[in-house]
Amino acid sequence: ISAICINQDDPKERSEQVSRIGDIFSLTDRMIVWLGPGDNSSRQALLTLGHLGSRIIMTKSPSYTLS
């Protein structure tokens, strides 16, 4: 899954998506989460976060470095 957008105004959709969040968190190595309303700059913010996330090198120790 590359993105999940939950329609907060649709109780049925919200319930279905929220019930999947635990599975998604447990199956991922890394994730970017945007909590809040979207606006004109949301797309650019997510692209920037995705770019930064793609440059992270995970090491055996609990630290991270940017490539």
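This passage describes the fold, confidence, surface and selected residues of a predicted protein model.

In this predicted model, local features need pLDDT of at least 70 and side-chain atom pairs count only at pLDDT 80 or more, while totals for chains, interfaces and linings use all residues. Residues are numbered from 1 along each chain as its sequence is written, and side-chain values use heavy atoms, with hydrogens and water left out.

The protein contains 2 helices and 2 strands. Helices (H or I, at least four residues) and strands (E, at least two) are DSSP runs, numbered from the N terminus. From that terminus on, the order of elements is α-α-β-β. Helix 1 covers residues 11–27. Helix 2 covers 42–54. Strand 2 spans residues 64–66.

Confidence is given as pLDDT, the predictor's confidence in each residue, from 0 to 100. Its mean over the protein is 77. A value of 70 or more is reached by 78% of the residues. Helix 1 has the highest confidence, at 85. Strand 2 has the lowest, at a mean of 59. Where pLDDT is low, the predicted coordinates should not be read in detail.

Of the 67 residues in the protein, 4% are buried. Here buried means under 20% relative accessible area, exposed means over 50%, and partly exposed lies in between (1.4 Å probe, protein chains only). The accessible surface comes to about 6000 Å². Carbon and sulfur atoms account for 57% of that surface. Accessible areas come from the Shrake-Rupley method with a 1.4 Å probe; for residues, only the protein chains shown count as cover. Contacts (heavy atoms within 4.5 Å) were also counted. Among those with a separation of 6 or more, 8% join residues 24 or more positions apart.

Gln-17 counts as buried because its relative accessibility is 17%. Beyond residues up to four places away in sequence, Gln-17 touches Ile-4 and Ile-6. Glu-13 is also placed in helix 1. At 24% relative accessibility, Glu-13 counts as partly exposed. With neighbours within four places set aside, Glu-13 is in contact with Cys-5, Ile-6 and Asn-7. The side chain of Glu-13 reaches the backbone nitrogen of Asn-7 at 3.3 Å.

The whole structure holds 1 salt bridge. A salt bridge is a side-chain nitrogen of Lys or Arg within 4 Å of a carboxyl oxygen of Asp or Glu. Glu-16 pairs with Lys-12 in this way, and their closest N and O atoms are 3.1 Å apart. The two residues are 4 residues apart in helix 1, so about one helical turn separates them. Glu-16 is partly exposed, at 41% relative accessibility. Lys-12 is exposed, at 61%.

Ser-42 is found in helix 2. With 9% relative accessibility, Ser-42 counts as buried. Ser-42 touches Trp-34 and Pro-37, leaving out residues up to four places away in sequence.

A nonpolar patch on the surface is formed by Phe-25, Met-31, Val-33 and Leu-35. Together these residues have about 430 Å² of accessible area. Patches are made of residues with over 30% relative accessible area and no salt bridge: like charges are joined within 9 Å, nonpolar side chains (Val, Leu, Ile, Met, Phe, Trp, Tyr) within 5 Å. Leu-35 lies in the loop between helix 1 and helix 2. Its relative accessibility is 78%, so Leu-35 counts as exposed.

Technical notes:
A polar contact is a pair of N or O atoms within 3.5 Å; within protein, one must be able to donate a hydrogen and the other to accept it, and residues adjacent in sequence count only if both atoms are side-chain atoms.
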